[in-house]
Amino acid sequence: MSTSESRPAARPQGIDPRGPRFAAAITSTLLLIATFLSAIGISTAQDAAGWAITDASLIQRAADPGFILLSVIALLFVWSLASPRTQPYGVFFRRFIAPRLAPPVDLEDPRPPQFAQAVGLFVVGLGLALQLFGVPWALPIASAAAFVAAFLNAAFGLCLGCQLYLLLARAGLVGRRPAAA
């Protein structure tokens, strides 16, 4: 009996790379809508006295439809970081889409896509915070930046956050594994 026959087959490590692209397609659609809503909302409105957002109350800034949708998107980013296995897009992909596809040729390290989610959360969170502080155009710019990144991933498989992760990993700033005992 050979060594490979005596031990159970190791479960392949990694994730199906089509899952994050599927999630990016949904996210980019939501971000496109959020960008539109924030571009026509209080963040960009002007009157004779100046920017409407600077005179708006905190509740008015938070009640902007673009702000509300971007807040939901931020919560989905948080969910994907806190519990990637239960995030709705991933569950939907694994349950309904993946069984209809051929198995993936290669599996992907889950750390770069998860880092990309953190970058998306940072960009969207920054836009939300600046909106609450009354900074004109902050919300649509942050939403548009996140949209571009999600769209590039969904349409072309180019994950900007993953590329940033790889650059930081090469520099030794992220991705270090603990030393074996």
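Which residues of helix 7 are buried? In this predicted model, they are Pro112, Pro113, Ala116, Gly120, Val124, Gly127, Leu128 and Gln131. Viewed down the axis of helix 7, these buried residues fall within an arc of 160°, so they line one face of the helix. Their cover includes helix 2, helix 3 (52-55), helix 4 (58-62), helix 5, helix 8 and helix 9 (160-170). The length of helix 7 was also checked. Its 22 residues should span 32 Å at 1.5 Å a residue, and the end C-alpha atoms lie 31 Å apart, which agrees.

Leu70 illustrates the packing. Leaving aside residues up to four places away in sequence, Leu70 touches Leu31, Ala34, Val124, Leu128, Leu139 and Ser143. In soluble globular proteins, nonpolar side chains tend to be buried together.

The segment after helix 7 has backbone features of its own. Gly134 follows helix 7 and has a positive phi, near 85°. Trp137 is found in the loop between helix 7 and helix 8. Its phi is also positive, about 70°, although Trp137 is not a glycine. Most residues other than glycine have a negative phi. Trp137 counts as partly exposed because its relative accessibility is 38%, between the limits of 20% and 50%.

Definitions and conventions
Residues are numbered from 1 along each chain as its sequence is written. This is a predicted model: local features need pLDDT of at least 70, side-chain atom pairs count only at pLDDT 80 or more; totals for chains, interfaces and linings use all residues. Side-chain values use heavy atoms; hydrogens and water are left out. Contact means heavy atoms within 4.5 Å. Helices (H or I, at least four residues) and strands (E, at least two) are DSSP runs, numbered from the N terminus. The expected span of a helix is 1.5 Å times one less than its number of residues. Buried means under 20% relative accessible area, exposed over 50%, partly exposed in between (1.4 Å probe, protein chains only). The arc is that of the directions from the helix axis to the C-beta atoms.
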